Amino acid sequence: MRACVDIGGTKVAVSLSAATGEPLVGRRSEPTAKTGDNDAVAVQIIRMIDEVCAEQGVDAGTIDRVGVSSTGPFELRDGMVELATPNICGGIAGPSRGLPNSWMTAIVEAPLAKRFGSVRVENDAVAALEAERQWGALKGLDNCAYATWSTGVGVGLCVDGRALRGKNGNAGHAGHSFVVDDDSGALCGCGNHGDVEALVGGNSIGHRFGQSAADLLTAAAAGEPKALETAEALCRVFGRMLYNMVITLDLERISLGGSVFWHHRDFVLPRLQAQIDGKLLPLTRGVKLVPAGLGDKVGDYAALALLD
């Protein structure tokens, strides 16, 4: 049996699968651990796998492979992935971001590798990219990307048929790029002021505007003038990031997911597409932004895609 783990800044989800491509069973989700020692997330994952196995009547000792799709960035220590994740590790940006710990990294791979036979950890957007290329909206495409607009902002990139990973598995962290000359002072969990995630990430929207992304975008879709003005500005920032990816890598399609996007996609999608259409036509002509083909299950199948 295989365990599929999805680590986000807000939640951790665990599912089981007998083999790649088979349906996921026993999905369990709970808020991401952010207190105690910096192995708390790994301890949480092991407990959740044991609980899902018990619920499904599976011997936990038969779990021989674990795929972990996780929000990043990553650091490598002795070849093992640790999370240097701004929405989990409170020590990165400091107390002003309000996280209840002072972790600089969260240890993940090493504890899991002690318990299970084979563990693979990848950036969640890279894993989602692979899932979308296998089963979703990016099938058959060699120059494409997956982008998530959720608690944070993440990207998985594929060029000439190869997913890009980089020296520590951190390729695609476009959410920490700068796309505007910003003087808002908006603080990202990574310590940057005014990067994409600081301006439009779900967590940052709450800090900046005093209301959740869901409430803000719902009000905007209903036509409330101030919310609409703010939402248009958020889409402009996210859309410019997508445009920069298209012209830098000559992409043909970007699949979009994440809770902020997914629950408001009818409102958001045309505004994002407008940031690409008509600009530098030799590079943008025919480029499409599409909802993730795997829908709101893309995170679950992202982990499964790692277990081929």
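Predicted model: local features only at pLDDT ≥ 70, side-chain atom pairs only at ≥ 80, totals over all residues.

The ring centres of Phe 261 and Trp 262 are 6.4 Å apart with the planes at 55°, so I logged the pair as tilted. Next I looked for charges over rings and found Arg 265 over the face of Trp 262, 4.0 Å from the ring centre. Arg 271 does likewise over the face of Phe 267, at 3.8 Å from the ring centre.

How many aromatic pairs are there in the whole structure? My search gave 3. One of them is Trp 149 with Phe 238, and I have this pair down as stacked, at 4.6 Å centre to centre and 15° between the planes. The two sit 89 residues apart, Trp 149 in strand E9 (residues 144-149) and Phe 238 in helix H7, so to speak a link between distant parts of the chain. Both Trp 149 and Phe 238 are buried.

Then the cores. Which residues touch the most other members of the largest nonpolar core? Trp 149 and Leu 242 do, out of 60 residues. Helix H7 (residues 225-249) is the top contributor to this core, with 11 residues. I listed the contacts of Leu 242 beyond four places in sequence: Ala 147, Ile 254, Leu 256, Leu 272, Ile 276 and Leu 289. There is also a second, separate core of 32 residues, and I noted Val 41, Met 48, Ile 88 and Trp 103 among its members.

Helix packing next. I checked helix H3 (residues 124-135) against helix H11 (residues 298-305): their axes are 7 Å apart and the angle is about 90°. Angles of 65 to 115 degrees count as roughly perpendicular, and H3 and H11 therefore go down as that. The H3 side of the contact includes Asp 124, Ala 131 and Trp 135, and the H11 side includes Val 298, Tyr 301 and Leu 304.

Last, the backbone. I found a cis peptide bond from Gly 72 to Pro 73, omega near 0°. Pro 73 is in the loop between strand E4 (65-70) and strand E5 (74-77). Asp 78 has a positive phi of about 55° without being a glycine, and its loop runs between E5 and strand E6 (80-83). Asp 78 is exposed, at 76% relative accessible area. Asp 250 also has a positive phi, near 60°, in the loop between H7 and strand E12 (253-257). Asp 250 is partly exposed, at 46% relative accessibility.

Notes: Residues numbered from 1 in each chain as written. Heavy atoms only, no water. Core = buried A, V, L, I, M, F, W, Y, C linked by side-chain atoms within 4.5 Å. Buried < 20%, exposed > 50% of the residue type's maximum accessible area, 1.4 Å probe, protein only. Helix = DSSP H or I, 4+ residues; strand = E, 2+ residues; numbered from the N terminus. Contact = heavy atoms within 4.5 Å. Phe/Tyr/Trp six-rings, centres within 6.5 Å; stacked < 30°, edge-to-face > 60°. Lys NZ or Arg CZ within 6 Å of the ring centre and 35° of its normal. Axes fitted to C-alpha atoms, helices over the stretch in contact; angles between N-to-C directions. Parallel < 35°, antiparallel > 145°, perpendicular 65-115°, else oblique.
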